[in-house]
Every structure is written in structure tokens, then in C-alpha cells.
Amino acid sequence: MAALSHHDRHSAVTEMPDDLRADVRLLGEILGQAIAEDGGPDLLADVERLRKAVIAARRRETTVDDVAALVAEWPLDRAVLIARAFTCYFHLANLAEEHYRIRILRQRDRDDVPVPESLPQAVRALRSDVGTEELDRLIGQLEFRPVLTAHPTEARRRAVVTAIQRISGHLDLYNTPGRGAGEQQEAKRRLREEVDLLWRTAQLRSTKLDPLDEVRTAMAAFDETLFRAVPLIYRSLDGALEPGTGTRPPLARPYIRYGSWIGGDRDGNPNVTSKVTREAMLIQNEHVLIALENAATRIGRTMTLAAERTPISPALRAALSRAEGDFPDLVSEMATRTPSEPHRQWLLFVAGRIAATRRRDLDLAYRSPADLLTDLRLAQESLVEAGAVRQAYGELQHLIWQVETFGFHLAELEVRQHSQVHAAALAEIEAGGARSERTEEVLATIRSIAWIQERFGVTACSRYVVSFTRSADDILAVYALAQHALGDRAPVLDVVPLFESGEDLDNSVRVLSGMIASEPVQKRLAANGRRVEVMLGYSDSAKELGPAAATMRLYDAQAALTKWAAENEIVLTLFHGRGGALGRGGGPANRAVLAQAPGSVNGRFKVTEQGEVIFARYGHMAIARRHIEQVTNAVLLASTSPVEQRTADAAAKFRELADQVATASERAYRGLTEAPGFPEWFALVSPLEEIGSLRLGSRPARRGLGAPKSLDDLRAIPWVFAWAQTRVNLPGWYGLGSGLAAVLDAGGQAELREAYKEWPLFASLLDNVEMSLAKTDRAIASRYLALGGRDDFFKQVMDEYDLTRRLVLEITGHSRLLESRRVLSRAVQLRDPYVDALSHLQLRALTALRTADDLGDDERESLSTLLLLSVNGVAAGLQNTG
């Protein structure tokens, strides 16, 4: 494809930095060459015709009708190839931008001044604002718990993801300064090879993922990034707390704890069984033990400290002697190879024991991570006694942090199930008689939790999330089922209520009060230090109420729960079920933390990391470190009394105004989404039905079969995904315009502008809506909405879009969308014309599938392929699937 450096590009491209422009040009030219070599120069020429046509349409030099006519000219097989070309282009453009971000991060980290939103910056600010004593208290209670989920929002095949990662590695080599001409040529040859492979790789999955495929996919993020990133983050914090990190005992304690729903979330997913849950934990165990063994082996091999210069401590000498007596063959072999390097012998012995743990060699295996830590600290203490403090607190400390963070289970596997499933199972058991397969599976799941705890410890799997919690009975049902499953041998359970609908959020305090009054919960509170976790569902609340009303309802729930926890001496952790897309609570995580209700963070933040977000945030080491540091920075700052007080003052000052916005917004949103015929219209104007054919994940896209009769039939993910494909992005903004208008009509413009400047929650709401509006294209959206044959719905949506866009700009004071967010604005504007190309190809397919009555099987299959390829490409271009 032609590079973006041509003079006829979109005007925003003039803002593109030179090194980013060079990468985009290079990758675009290589892709163009691959297309021409495979499909001929005519194919590349057609790609260029469409590229230039959509750019001309953006400049109003032609019309979207002209572009649609061009797309209609091509045979379907040619249109499919063109869709593949633009999809591949987006993968490469995203990669180029990722490399640019990494370069910028590295450049910012060269000065003595801490990088904004980093751990050193947070420590410096806290020490100045609240003092060392308060800083130490916050660090001591700090927790960040990202929970990986398998929600089907990653549109790319794993083969495509790995191909992109290989291209990334070769691009990094190509751009490495100081390389010779021969090395440069070889790097470029490998880039050509890998881009050609990407072009020739099928973009669509041929088979549906099963839950264990999803587990293995998530493990790639652990293998490639998370395991190595965690100790570097702790090292950054340790260095910020006091000089001399690596030469003294660490001050930073491990505060990151990963969780996972992948293989544990069975709500609406019959493919997740008790057997799958066990297998998921075994896969996690395999990956973490391999990583720990490799790290211990690598460190052990480098511990070539001669005994005469660095003698071992008496305690380590005794431990080595016992090991030789118990395992003479293993230890004698190491002693023969490295007779004067006892620290090396010990760490290689430790690596051997980790390997035995993986093999289930019970004589040699570690029984628990605590036993492994004892052996590692024995080596560390010996090194300190010998004066080798750099070896004691360097890489060996990294391994200790990794064991403390990941244990032998890697991530806590959390189980989730719907409250109605528990109620039905309990009623069936109490009625006596035969039990259904579903009830037996509920009991088998609890037995699997007990098995995991017996083998890997309670921390490996104890949280049980109950979807659609409506009463305390929904929580107590899980404890009752555990007794039916195993009696006195029931596993330790921390049952987590999940409040999702607006009504459930309002009733959350009442439910929790009933919950903690019960005998099983009181018993658990006595054992766990009165810790309670509550999950808040962003996706379903936003789908039900609209973005503005859901934001306020969630904020109110947080404030009420925080007050309730203080009154009942509960240590509360709020678990935020945020999706990746703006319509599901998405947006920058650090800004979301700072917008939470005062007192609700208190040093702890737990959040879901879903689908494509996992690889966007954890696919590269530098970006993973930056993301975690940004979130931690926000958690620390949001937990200080000055920030909490400012937020509380702003909330009190603008609360009445926010209620007016939320009420009018919800009225407008429900007026559309609850109107008769709306679900059927939505299914016609979007590729909702076809999204199920993308095989995104193991979980069904909706509850029940056939077209949705109401939004309750539809899960939040396909709801948001489908609207993004139409370029409407309705869940991210609809209703806010009506909400703002209600206040403006009463003369509240100045107060709205003041709220935007002073209240982080209100600013976050408007900024996220602005981002969603920027990804909306009115002209193309109109063509999708016209497919439904309902002029009333069409007008309602377009009028609200125009109103919301105008008023958001008026309140923010921006002359154009994303005016104050230059980097994001550039990214959106650069991609827009290319997304337009895929949207026109999708519209061709969707229009034919919706309106043609005489399609043959072959033509219908070709149209479906074109549609699904374009769905995949638009998702890559918008970087926003669900």
C-alpha cells in the first residue's frame, strides 16, 4: 500500500512525528509490495483507488455515494482481497504507533525529573503533600489486582497476533542505532518475509475457541511480559522510596496480584465446566513453574562466586549438606561441576526442585511457594553475610518478588455464575429426587475449587462471583451449595456479589447488610480480617441506563458502599467490571481511578482486563510497565486526604447539576432503546447477527436464540461491538446531549464548564464521550441506519448525535473533538479514512445480505466472508471492539 507520507493525505498527517512517519511508510511500502507480488499490480491499484477515494470524500471533494459506487464495481472476490489489504494495513499502523509510544516512553525516562504518572512521581508528590509517615502507610496497604477475562473482544486470530509480534521484533532491530549496512539489509529482508506472511495468513478463525484455548492465549501475555515486568515495577518503586536499591533490603513489597476468570467464568458459558476449571489451573501452574525454573537456572548459572572470596553461611552450608544426604546424585553432580561455587550449587539445586514440582516428583518437589521462598532467602542471607549485597538484592530479589507475586498458581482463578443457577440448584437439592445435569455441575464446580485449594492453596481459588446479586440469599446460596457438595470439607469461599443493573446498584447496601449478618459470612470475616469484596458491573448498567446515568449510578453506589464499610468496620475492596470500550466503562484506567468516589479506593484497586485490552496493555514490556505504573500512581494519589477532599467538595458542589444531567440523559436513552421495534431495528442496521460467526470466544453472544426481542436478550459486548462497526458508537455517548441541554436550558452553562474543570468524574465522563464521538462518522453512520427502514429511529439518533457533539464542545471549550488530546486526535484522524474504506466494503456486504432475496449459497458465503473480514479490519482500525 502507498505510504501515508504522500501529499494527498489527510491534513492531520502533517502532525505525524518523523520517526513514526518513517515506520508507517516503511511498513506500508512493504505491505504494498506483498500485495502486488501475490495479487498482481492491478490489485494494488484497486487498493490505491479506494484509499484515494475515501480521502477525497473526507475532504468533500467527492461523496460517500461515489465511494459506494466504486466499491460496488468490484467482483466479490476482489472486494474480499481489498478488505484483507486494509485490515493488514491497520495491524501494521497500530504496530508503528506502539513502537513510537515506546520510543517516547524511553526518551522521557532519561532525565532526573520523574516521568509524569510514574511511581517515582507519585512517591515524590506524596512525600511532599502528606509526609513520609502517610506515604509509608499507603505503600504498606497498596494493592493492584488486574483480573484477566476471556470476554470475546479480541477480534484477531492468535496466529495474526504472533505474526505481528514477530514483525515488531524485526522493526525494533531495523531501527536500532549503530547497525551496519549488512545487518540493516537483513532486518529489512526479514520484515518483508514476515509482512508477506501476515498478508498470506487467514484473518478469520476457522474454528471456535474453547475455554482452554482462551487460557493458553492469555498465558502468552504472562510468558512474554507479565512475569518479567512485575519485578521491574517493584524495583522502580523501591528506588523511588530510598536510594541504594539493589544494595539493601527492599522497601517495596509485592503489591500486584493477578486474577483470572478464564476457565472459571461460567455465567452464560456452558463450555466452562468443572473439568475446564481444573485444567485451567493446571495450565497456569505449568506456565509459572516453567518461568520460575528458568529464572532460577539463569540466576544460578551466573552465581559464579568463589567460596574463598564469598563464603557461604553456616545455615546454607548445613542446608547443602542435608540436600546432599537426601538427594546425593543431584547435589554431587553439581558439586563435581562447580566445586568451589556453593551459592551456584544451591540455586541450581533450587531450580531442580522447581522442575521436580512441575513433574510432580513428590520426593524432591516443593510443597508450597513458602518453602521455595525459604530456600531463596537462605541464599540471599548467605550472600549478605559474605558482603555480596548486589548479588543478594539484585536478580535474586527479582525472583523472590516473582514467587511472592505469582506463587505456584500464577493468577487467582475466580469462579463466576448467575444467581438464578444457584437458586435453581438449591431448590432442586432441597426438593429431593433426581438432580439435573446443571445442578450436578454446580456441585462439581465447588468440588473443583476444593481440589485446587488442596493442591495449590486457598489463595489459588477462593473468590466466587455471583452475577445479578439481588439479595443476601443469593450469596448464602453459594455457601449452602458448598455444604451440599462437600459438607465439613467445603472449600474456603469469599463470595463476591456483583451488582449490575441500576436497581441492583441502588440496593447494594441493603444486600450487604443482610450478607454480613449471616453465620457463614460472619465466620469468614473473622478469619480474613473483615475483608469484603464487591463487584460493580459497568457493562450492563451502561447498556440499561446510558453512559451518563450509569456513571452517576456507579459513583453513588461507590459512595454508599464506602460509607457502609466504615460504619461496619469492613475493609472494602471494590472490583470494577470495566470493559475495553467506552460503552462498557472503558477509557484510561488511571483517570478512572482518580474519578472514583472519595474513600472508595483507599490504596486498593481491582479491575477486569478484557479481550483485546490484555494485549494492548500487556503485549509489550515497556507499555505494560507504563500502564501498571500509571494505575498505581493514580491509586496512591486518589487515596490521599487532600485529593479525596477536593473530590468530595467538587461532588457536593455539582451534585444537583449532575443529577439533572443524568435524569434527562437516562430519559432520552430509554426513550430510544425501550421503544417498540428498537431491538429488531438494531439487528438490521448492524452486523450483530454476523458477529457470532467471527468465533471471537467460547462464550455465546446472547442469551437465547434468534434475533433479540429486547436488549435484555443481548450481552453488553456484542451490543457495543456492533455499534462500533456501524461507526455510530451509540453506547458511548447517547443521551448525554439531552442531559446537558436540560441544564443549559435552565441557564447552567457556566456551572457545567466549572464542573468540567473541577470534578474529575464529570471531566472523565465528558472526555470519554468526546473520544467516542471522535470515532463516530456521521456520513457513514447514516448509511448503516438507513438499512433499518425506520425514519423515526434514524432521526432520533442523528439529532441526539448532533446535539451531543455541539454541547460537549461548548462545555469543554474545544473548537474540535479531541482538541486537547493531540496524540489521540492524531491517531483517530490518521485511521479514519482507512476505516472508511472498510466500512464501505462492509456496507456493500451488509446491504446485500439484508435486502437481496435471491442470493445463491456461493454469493451469500462470499458476502459473509467480506462482511466478517471488514468487521475484523474495522475493529483493528478503531482499536475498539468491545
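Here are a few worked exercises on helix packing and aromatic rings in this predicted model.

A word on the ground rules: local features need pLDDT of at least 70, side-chain atom pairs count only at pLDDT 80 or more, and totals for chains, interfaces and linings use all residues. Residues are numbered from 1 along each chain as its sequence is written, and side-chain values use heavy atoms, with hydrogens and water left out.

**Exercise 1. Work out how helices α28 and α32 pack, and which residues make the contact.**

Step 1: find the helices (DSSP runs of H or I, at least four residues, numbered from the N terminus). α28 covers residues 641–673 and α32 covers residues 736–744.

Step 2: get the geometry. The axes (lines fitted to C-alpha atoms over the stretch in contact, with angles from 0 to 180 degrees between N-to-C directions) are 7 Å apart, at an angle of about 135°. That makes α28 and α32 oblique to each other; the cut-offs are under 35 degrees for roughly parallel, over 145 for roughly antiparallel, 65 to 115 for roughly perpendicular, and oblique for the rest.

Step 3: list the contact (heavy atoms within 4.5 Å). α28 brings Leu-657, Gln-660, Val-661, Ala-664, Ser-665 and Ala-668, while α32 brings Leu-736, Ser-738, Gly-739, Leu-740, Ala-742 and Val-743.

Step 4: sort by class (Ala, Val, Leu, Ile, Met, Phe, Trp, Tyr, Cys and Pro nonpolar; Asp, Glu, Lys and Arg charged; the others, Gly among them, polar). You get eight nonpolar, four polar and no charged residues for α28 with α32.

**Exercise 2. Say how much of α32 is covered, and by what.**

Step 1: count the buried residues (under 20% relative accessible area; exposed is over 50%, partly exposed in between, with a 1.4 Å probe and protein chains only). Seven of the nine residues in α32 are buried, so the helix is mostly covered.

Step 2: name some. Among them are Leu-736, Gly-737 and Leu-744.

Step 3: look for partners. The buried residues of α32 pack against α24 (547–567), α28, α33 (749–758), α34 (760–774) and α36 (791–812).

**Exercise 3. Do the packing analysis again for α23 and α28.**

Step 1: the axes of α23 (residues 538–545) and α28 come within 8 Å and cross at roughly 80°, so these two are roughly perpendicular to each other.

Step 2: Ala-542, Lys-543, Glu-544 and Leu-545 of α23 meet Glu-666, Tyr-669 and Arg-670 of α28. This contact of α23 with α28 holds three nonpolar, no polar and four charged residues.

**Exercise 4. Classify the ring pairs Phe-86/Tyr-834 and Trp-719/Trp-723.**

Step 1: recall the criteria. Rings of Phe, Tyr and Trp (its six-membered ring) pair if their centres lie within 6.5 Å; planes under 30 degrees apart are stacked, over 60 edge-to-face, and the rest tilted. The structure holds 27 such aromatic pairs.

Step 2: Phe-86 and Tyr-834 have ring centres 6.3 Å apart and planes at 45°, so the pair is tilted. Phe-86 sits in α4 (residues 76–108) and Tyr-834 in α37 (residues 822–851), 748 residues apart, so to speak a link between distant parts of the chain. Phe-86 and Tyr-834 are buried.

Step 3: Trp-719 and Trp-723 are edge-to-face, at 5.9 Å centre to centre and 90° between the planes. They lie four residues apart in α31 (residues 716–725), about one helical turn, and both are buried.

Step 4: Trp-719 and Trp-723 also belong to one aromatic cluster with Phe-678, Trp-681, Phe-682 and Phe-793.
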